[in-house]
Amino acid sequence: MDIYLYGCGGHAKVISDILCKQGRKVAAFIDDNPPVGLTLIHGIPVKKSSPEVFAEINCDRSQWIVAIGNNPIRRRVAEKLEKDGYSFTTAIHPSVEMACDVKVGCGTVIMPNSVVNTDTEVGSHVIVNTGSTIDHDCRIGDYCHIAPGCRLCGNIHLDEGVFLGVGTKIIPGIQIGEYTTCGAGSVVVKSLSSFCLAYGCPAKVVQNTYSQ
């Protein structure tokens with residue numbers, strides 16, 4: 001089965017390395033606008049997205065990861081690939097400490113030195129970035145991005161598309177609504193509604209955002 005990454009930035013390079021650590025190899029990086037002159041990353045081809053490129057990729061013999069950090073864009077690309085008949089795989093670094101009963105959805109990436117504890121469910125196309133910890137009985141919705149060094153206590157529920165900035169800390173029992181962003185270093189001690197920006201210690205809503 002050939003593995004393709006949609007995206008060719010730094011995030012994609014990290015995912016490629018995780019797959020390498022798993023003994024798997026990326027067939028190509030596909031990107032809508034690759035940097036001019038960039039044709040290889042770590043010896044792997046970089047190709048500009050086009051009908052001709054996709055015509056060469058067999059749906060039945062390929063799997064994808066959308067290697068884009070922005071949650072709404074990652075969702076749009078994943079939905080387009082799925083509509084076109086492509087399937088997805090996961091990338092979980094060997095250093096990850098994950099309980100035996102954790103459920104992980106398709107297209108999700110869990111980066112080095114992260115911890116995911118028992119009875120937690122991680123949705124599809126989620127990013128659990130480097131050195132983050134998710135404790136017991138958490139529910140992480142599809143298309144969430146948990147940035148490096150975040151700390152989630154037990155019984156936390158993140159709805160679809162939540163972004164937690166680097167180093168965010170969340171106390172037990174909190175729910176954060178869909179497509180809400182918590183700024184870097186936030187300490188979340190109260191549940192947050194959907195489509196808002198919050199930050200600080202304690203985190204406070206400073207802006208309402210449009211729906212996705």
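Buried means under 20% relative accessible area, exposed means over 50%, and partly exposed is in between, with a 1.4 Å probe and protein chains only.

Before moving on, note that this is a predicted model, in which local features need pLDDT of at least 70, side-chain atom pairs count only at pLDDT 80 or more, and totals for chains, interfaces and linings use all residues. Residues are numbered from 1 along each chain as its sequence is written, and side-chain values use heavy atoms, with hydrogens and water left out.

**Stop 1: around D31.** D31 sits in strand β2 (residues 26-31). Strands (E, at least two residues) and helices (H or I, at least four) are DSSP runs, numbered from the N terminus. Now show the contacts of D31, meaning heavy atoms within 4.5 Å. Residues up to four places away in sequence aside, D31 touches G7, C8, K47, K48 and S49. Zoom in on C8: the D31 side chain reaches its backbone nitrogen at 3.1 Å. That is a polar contact, a pair of N or O atoms within 3.5 Å; within protein, one must be able to donate a hydrogen and the other to accept it, and residues adjacent in sequence count only if both atoms are side-chain atoms.

**Stop 2: the annotated positions.** Select D31, D32 and G69 together; an unreviewed UniProt entry places a "binding site" feature there. UniProt positions are given in the numbering used here, feature names are shortened, and annotations may be inferred rather than shown by experiment. Go to G69, in the loop between β5 (62-66) and α3 (71-83). At 28% relative accessibility, G69 counts as partly exposed. Neighbours within four places in sequence aside, G69 is in contact with H11, R74, I127 and H145.

**Stop 3: helix α3.** Select the helix. α3 has 13 residues and reaches 18 Å from first C-alpha to last, close to the 18 Å expected at 1.5 Å a residue. That expected span is 1.5 Å times one less than the number of residues. At the N-terminal end, N70 is the cap: a side-chain oxygen lies 3.0 Å from the backbone nitrogen of I73. Among the buried residues of α3 are N71, P72 and R74. After the helix comes G85, with a positive phi near 95°.

**Stop 4: R74.** Look instead at H125: the R74 side chain reaches its backbone oxygen at 2.9 Å.

**Stop 5: backbone exceptions.** Most residues other than glycine have a negative phi, and most peptide bonds are trans. Stay on H125, where phi is positive, near 60°. H125 lies in the loop between β12 (121-122) and β13 (127-128), and is buried, with a relative accessible area of 4%. Next select Y179, with a positive phi near 55°. Y179 is in the loop between β21 (175-176) and β22 (181-182). Finish at C201 and P202, joined by a cis peptide bond with omega about 0°. P202 is in the loop between β24 (196-199) and β25 (204-208).
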